[in-house]
Structures are given as C-alpha cells and as structure tokens.
Amino acid sequence: MKIKKWNIFVIFFMLLLVGIKGAAASPYQDISEIPLFIHFFLLLNLFQFSVATAVIVEIKKELPSKIWNSVLTAIFFNILTALGLVTILNKQYPILTTSILILIALFYTIAVFMVITTVYLMARPLLKTRMNLMRRQYILLYILLPISTLYLFTRVISFIDFPCFQHFILLYIYLIFSVFFIFYFLYYFFGLSKSYFKKGFVAKPSFAAGIGAFLSFICSIFLLYISNPYLDYYYLLTWFIPIVFTLLYYFSLGIEYPALLNPKWKTYMPPDLVKVTAAATLVFLALSLFFTVMEHGNFYFISLLENIPLPFFFLLVIPFSAIILILTFTKALSLKTKLKYWNYTRYGLYVHTIATFYVLCLAFLSWGSSNSVEKFIFSVIFAFSFAFYLFYAFDFRKISEGVGIKPVFNKIVIVRYITSLYSLFFLILFSISFTYKKDIQIFGGVNLEAYPFFIFFVLSFLIAFIAYLSVSHKGFEELMRKNIWRGLSYVSSFSIALFVYFIFIFKADMQYFPLRDLFFIAYFAVLIIEIASIKSLIREKEVVKEEIEEAKKKKEDIVDILNSYANKFFRVDYLEDLWEKTVDRYVPEDEITKIGFDPSERKFHLEKTDEHTKLKIAAGMLIGMHKFPNMERITILKKSVEETKEEIMENLEEKVLMLPEDLRCAFDEDVYYPILYERVVNKLIKHLEAFIPFSDQEKIFHRLRRRDKQFECFSFEAEGEGIRMREGARFSRVEFVNLFRFYLESMEEKFPFRRFLLYELVRDEIKEGLAPYDIPVSELIDIVPTGIEEMDETMAGGLAKGSSTLLITEETKTKHKVLLSFIEQGLREGNNVIYATSKRPAHQIMGELLMDFEELRNFMIIDLYENIYTEERVSDLVEEEHRIIVPLSKILFQCSIVKTIKSQPKEESKIVVIDVYDDFSRYYSPGEILELLNSQIEGLKRWNCTSIISIDPYSYLIKKEGVEEVKKNFDNILILSGEDKAVSVFIEKLYHGTPSKHIIRLH
C-alpha cells in the first residue's frame, strides 16, 4: 500500500481540528445554510469511503471473491450513515457545545478509519503484490465521489423537514431487535474465530474492528443524548437504520473470511439474518408512517383510509401468495444456475409489484367514492393482477420442472415474504398522503394517460414485445421454452395497463393523485428489464469477421475451451460440485488459493497456478462434464465425449502425457510419446552441437535403426533441423524410455570427454523436458539422484545406479536429513526403498518423511532400534506393514535384507540405506562385521540395488579394521562433516567419474 495509513490519519486529524476551530469561531460560515465544519466533516469521511472503495477494488483484482461484495454494500450503507449523521448535526448545530461536536465527529471519523484498516489488514496476508491506491481512476474517485455527494446533499437537505412523532417507543423496540441480531452475528463470528484466531494476522483486524464498532456505539449514545426522540424521531432513523445494516454486512465479511483463507472451508452464514432485519425494518417503517399519517396527515386522506373495507386487506393474500411462489421459484433457479437473468427477473418483479401496489392502493382509497362501473374496473384490475402473478409463477414452475430443480418452501422465508409485502403495500398506501391533492408536476406537467401518449405506450409495448421474441433460441431459452403460461402472463399484464388507463381517464377523483402517471413509466421499465434479461441468456458473443479470423490463427488455450464449455451450462450447481471434487483430487494444498471459479460468469480462473495443475483441472473438468445425468436438461452443450477428447488432444498434443493416470487412460498415449521424443531429442542435439556435430548425430541415428526398428519412424531433415517424426508413429512409455537410453548410450561413444561430463551436460535438459511428464532422470540415465540439489549438480545427477556408497559421518541431525532426502527422492521416483536402521524409531521416520500413503507403498523399514533401545525384545523376525522388527543378530538381519529384496523383481531398481553397523560392531568382533559388510555389498550389486551404508568414523569397526580396509569394496565414498548451517560433503571417490569439485557446501 503506497499511502501509509498513519500518515493519512495524522493529516485527517489536523484538518479536522482546523475545520472545527473555524466552525466554532463562526458557526454560520456556511454554504446553503450548512456550517463549514459539517461540510468539512462530510468531505473528510466521503474521502475515506472513496479510499475504502479503492482498497476493495484493488483486493478484488487479486482475490476475485464475492465475499468482498459485502464490504462494498457496507460502504454504501456507511455513506448513508454519514449523511444521516450530518443531517442530525446540522439540525442540532446551534445548540451543540464544541466539545460534544468534536467528540462525535472525531469518534465517527476514527471509526470509519478503523473499518478501512480492518479490511486492509484482513486482505494483506492474502495479497501477493502491493496495492497501488494512486492510480488515475482512484484519484478521480477521490475527487468526484466526495464533491458530487456533498453537492447533491446540500441541494436535498434544505427540503428535509421531518415531522415530530409521539410514538417514539417504536425506535427503542427497533433498536432492541437490531441489537439482538447484531449479537447473533457476533456469536457466529466469535464461534468461527476460535478455529482460525491462532493465525497471527487475524488478531490485529479483530482489534481494529472492535475499536470501530465501539466508537460507533459511543456515537449512537451521544446522538440519543443530544436528540429529543419526539422531535427528532425520523432524524435518528437516518442514522440508526444505515448503521445497523453497515454492521451486519461487515460482520458478514468476518463470518465468510475463512473461505478466503482456504476455499475448501465452508461458510457458515446465519440464515437470512440481513433479510430478516430488512423485513423487520420495513414493518417498523410502515408502523412509523401509519402513526405519522394519523397524527399529521390530511383530514380528507385519513377519511379515505378509514373508509377502506377491512376485507380488502385480507384479499391481498391472494396476489401475495402468487408473488411468493415467483420469489421461491426464482430463488431456487438462481441458486442452481447463478444466471444474471434471475436478478433481472427479480428487478422487473419488484418494479411491477410496486406499480401494481400503487394502483391497488388507489383502488382501495377510491372505492368508497366509486360507482358500480368503476368498482367493476377496479375488481378487474385486481383479478388480472392476481392472474398475472399466478401465470408468471406457473411459467417458472414449468421451467423448474424442465431443468430438474425443486424449490424449497421454508416457513420462515414465507413469513418473511408476507411480512415484507404487507409492509411495502402499507408504506406505499401511507406515502400517498404526502402527495394527495398536492400540485406536483412530473415531466413538466405532461399527462401520460392522454390519448397520444397512451398510443405511444402501446406501440412501445408492442415493439418491446417483438424485440423480446426476436432474441429467443440463441442461448438458454432452449431449456426455458416459452409456454402458454408465459403468453397468458403477458396478456394479463397488458390488460392491467389497459384497464388502469380506462380508470385514469374516466374517474375524476384520480386527478387528486399527481404521481399516477408513473405507473406507465414503471410498466415500460419492466419491458426494458425483460429484454435485458433475455439478452443476458445469449451465450454466443457476436464478433466481426476480422476477430473471427484472428481467433482462428491464435491457438486456443485449454482453459479457454473449459470456459467455453462452462458457458453453455444452465445448471451451474453441477459445475460447482464437479469443481470441488476436481480440486480435492488434483490440486495441491499450496495451489488452492491461486485458482477460483466464478459461478455467475461461468469462468474458471487458473492463470496463477502452474501448468501441470492447470492441465489436470481443465482436462478433469472437461471429461467430468460428460458424466452428468440428464445432460439435455442442464446444458446446451451439443458435443459428445469423443468430440471433447479430440478437442483436448488437438490442444494439448504431447502435454496429454502430463495428465494423471486416471485421465491419461482416456486418450491414446502411444501417439504422443513419439512427439515428446522428437521435441526433447532435438533440444539435446542443439545443446550438444559444440561437442557432437550434426553429422555425427545423423550417424548415431543410422546405427540406432539397426539396433531397434522403432527408430525408423524418425528421419533427419536438412542440416541443423534435427529429427522429424513420421506420420502415424506410435510407441509406449516403456519403448520411449528404452529408445532414449539407446540414444544416450550411442552419444557416449561419440562424446569426446568422459561420460561423467556428458551426464552433467544433459541432466538439466532431460530433467526440464521430461520431469513434467513423470519421467525421472534416473529412468533414462543410470544415475540415482540423492535428493540434495547441491550434491546432484556436482555429481552429474547423483549416484551411479547399482553402485554402493559409503557415507562416513558422525551421529548428527544432518546425517539423518541426508539419508531421508535420498529415501524421499527414491520413493517419489517410484523405486522400492529399504531402510535398515538401529538409530531411530520407525514411527519417527514415517513422520519425518511427510509423504502420502500411495508414495509409501514401496517403502520398508528393517527395524533394529526396537530391540536395542526399548524393552520390547524379540527373538525372531516380526513382520508388519512397512516394517520388519529384527533382533540384533547377524543372521536374522541378513535374512531380513535378503527376504525384502527378493520379494521384489530383480529387474526393478531398488534403493537400500543401511545404518546399523555402528551398533553391530559393539556386539560382534570387527572381523565378523567386516566380512558381513563385504558380502552384503556384493549381494546388493547382484540384485540391482543402489545402496548407501553409513558408518561412524569413531566406530569399533573402523578403529579395529582400519578405514582403508572398510573403504576398499565401495564404489563411492562420501565424508559428511559439520552440523546445522556449516555442513560439508567431501567426495573422496565417485564411480562414474571425477566431480567438478570435491567439497560441497550444503545449505
């Protein structure tokens, strides 16, 4: 972050003091009757909100998660909170003392700053790059958001004049209710925090958030203290309602935060608490508005309210039930598909519902003064309204059945829907009192229900409807086929508009409701939303011919193919399940935070992970997509599994061989090994051109054709071009390894220097080219890596396969690390590994290896430690999984080694590590142990074993028999000295050549 937070805080604090001083000296130095101090205070906090927005945008670039949307929503409510606070301070300014003003302004400003700090501290450990908050677009945001909001607020605040309210006990009831939900959120938050609070970076943001919440609470207390609830009831609401939702959304971030630390963690969000609070707020506002209208409302309007027949309010349950059905179906469809279409549908439904409620409110209010014809028209409007919502619900039910989605009818959610709908209806009904018989002109007094304007409306409706029909059959509409219910819903909707037009024309009392014409604007807006919703279903992007040609020239990445397939899935919940299974199966723990899946966009974000992981995920997802049941109901994808495999093969070519075995078996591997062979060998030819000329390489391949017929599938091109694979060539992995070994052996004859130098030159090329394909260097070159990079680089890749190595070292931690590295490397490359030890317990060795069960299947411990250093003595071999417990007996020890080695095929390479001779030499004569050692070395070589035998330089064996006598039968001799950071390996003897340096420093 390029702006230091403490510098910002100091600047804010100094500017705040200057502003307060100026305002206190002259309280009415203002603009538009707002004191200068309040201008400055609002600008300061709006600037902080601008910075907070920029921080979230920066975070979302690197961590594209919907979790951050909660913060953006909280920032929006925070802006409303600041505006509410400024409204209260502006009203109370003449009577406020300077100290109270300073405390409220300072506490709120620091609270906002602490919230920004909290979000930044929560995101910082997850970010790989530093934030840059001084980009041009952010500087523009810092200027425009504060100035534009301040300008609009100063224009609006002069119109704000809330009435007094004698039933202010409602405010305290609402506050108690809100505090209950806030504490319920806190309960969830602290319950979760126990599981991840040990992470050091969670403590600081929690502390900062606590300070911000506490200061907000203190501000609330101050506002209650300086205000009169009777006179300032609605002013206090402008603070308390936004602050409640601000806190709830910030707590949502805290609860969802573990999913950012590890995507495999599930989010345990309290069920619909924000929505329940919103419903309760609507009820609270409806009650407040009712008492306000009854206390301050127009006498004629109150008389209209009193004349509304009570059964009418019960009849509202009929259309409400249909609306609830629509909301339930759209919620289920949205959860399973994550399409923007359902958001548009909800927006259109909300606009249509508000417009319908407004007309019904007019019908209820005008019922007493209406004649029989007018009452009939009102009844028809009510009937068509119910029909519209019912047909719309049937339409969604048909869609749900077609795609196999069953909605869940939750009792609590249904109660919340009914409560919200009734509250919304009463809010509209009571709000009409503010405009009843008022001279309010919309659009310069244009009468929208007049003849020419209604014709315009009808034509617009028809044009929009035709446009709606014209975009069908280009996307997911195939799965959401239009049915009779949809047609009936449009007919009933148009009928509502028609009858509303008639009642507006023929009923004279309608002129008392100056906002009635907004009904037609709302309906037209619904049509536009409908067209936008259908457009959002179109999955194929239209591009011009030049872009198409350019796309053909550019090779498509496999992730592009995956996203193209995903873009055609209607049921995104299937993709989410497959994604979770694929990640669990193929993605290492440290790579999980680098990948992501955006369900709403149907886009996989794999750019930051390594190529191997990316290929596994993409291929696994593409093949897995064809295993879903009822494919015709969940996707518009028309390709078969064979076509998908062919597309993967064309894209990956030899990289198909990088896939894990369970995916690789779906493809013809033998086609790609010749391609891989050609690519890697041509690299070697160019790499060794200085030592082996191209003409000699050509001779090598002529000779190899006589050795193996498979070499006939390769030919030499013009000089310098290397080998070229003939069409139709194919061979298996085993054949690939054999052909590569033959080639390397032939190069040894032409190489002008020792074989050791050749291995040194080609090892890195082979490792770089073939390691991603799970073909280790040791399989191609008769070298077994030690697993220690410094040693492998110096020794041309490691130890010669089948050689015996003496490691002279004292008993140190470094010695065990060297031995374990050798063992781990062998297991990773699929070798059989035997570890005979009398120095460490078996459970400790297994724990230090840190390998999964699959990699340990070829591992066996010959355990002499148990019998020497514990009380559990054995007199014979005790066989367990991965372990044989052996007593300190030469014969039984030899039997255990022979038995373990002979249980494996002789042709398979084996690694044997022995660390028992120091203890044997204390119980047997040195001569006997030396004889055992020499016979064991010979036996290990016969059975194709690469062995390391560790002996202490101060053991009885070396002291009595002499170090030279012990060394003489070993192919390699390494001497390890030092401990911790000062560790060196001296290479005294190396079977396959002389190393470039004899002393290696280990880090």
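Reader: In what order do the 10 strands of the open sheet stand?

Author: First, a caution: this is a predicted model. Now the general idea. Strands of a sheet pair through backbone hydrogen bonds, either parallel or antiparallel. Here the order is 12-13-11-10-14-15-9-16-17-18, and the pairing is mixed.

Reader: Which strands stand at the edges?

Author: Strand 12 (878–880) and strand 18 (999–1002) do. Each has a single partner strand, so one side of each is left without a neighbour in the sheet. From one strand to the next, the twist averages 15 degrees.

Reader: How do strand 10 and strand 11 run, parallel or antiparallel?

Author: They run parallel. To find the pairing by eye, look at T837: D863 in strand 11 stands opposite.

Reader: Which strands does helix 36 touch?

Author: Helix 36 (residues 890–902) packs on the sheet and touches strands 10, 11, 12, 13, 14 and 15. Its direction makes about 170 degrees with that of strand 11. Helix 33 (residues 813–828) also packs on the sheet. Among the strands touched by helix 33 are strand 9 and strand 18. The direction of helix 33 makes about 165 degrees with that of strand 14.

Reader: Now the surface. Which residues form the nonpolar patch?

Author: L43, M134, I139, L140, I143, L144 and I147 form it, with about 610 Å² of accessible area together. Helix 5 (residues 136–156) gives the largest share, 5 residues.

Technical notes:
Residues are numbered from 1 along each chain as its sequence is written. This is a predicted model: local features need pLDDT of at least 70, side-chain atom pairs count only at pLDDT 80 or more; totals for chains, interfaces and linings use all residues. Side-chain values use heavy atoms; hydrogens and water are left out. Patches are made of residues with over 30% relative accessible area and no salt bridge: like charges are joined within 9 Å, nonpolar side chains (Val, Leu, Ile, Met, Phe, Trp, Tyr) within 5 Å. Accessible areas come from the Shrake-Rupley method with a 1.4 Å probe; for residues, only the protein chains shown count as cover. A salt bridge is a side-chain nitrogen of Lys or Arg within 4 Å of a carboxyl oxygen of Asp or Glu. Helices (H or I, at least four residues) and strands (E, at least two) are DSSP runs, numbered from the N terminus. Two strands pair if DSSP finds at least two bridges between them. Axes are lines fitted to C-alpha atoms, for helices over the stretch in contact, and angles run from 0 to 180 degrees between N-to-C directions. Contact means heavy atoms within 4.5 Å.
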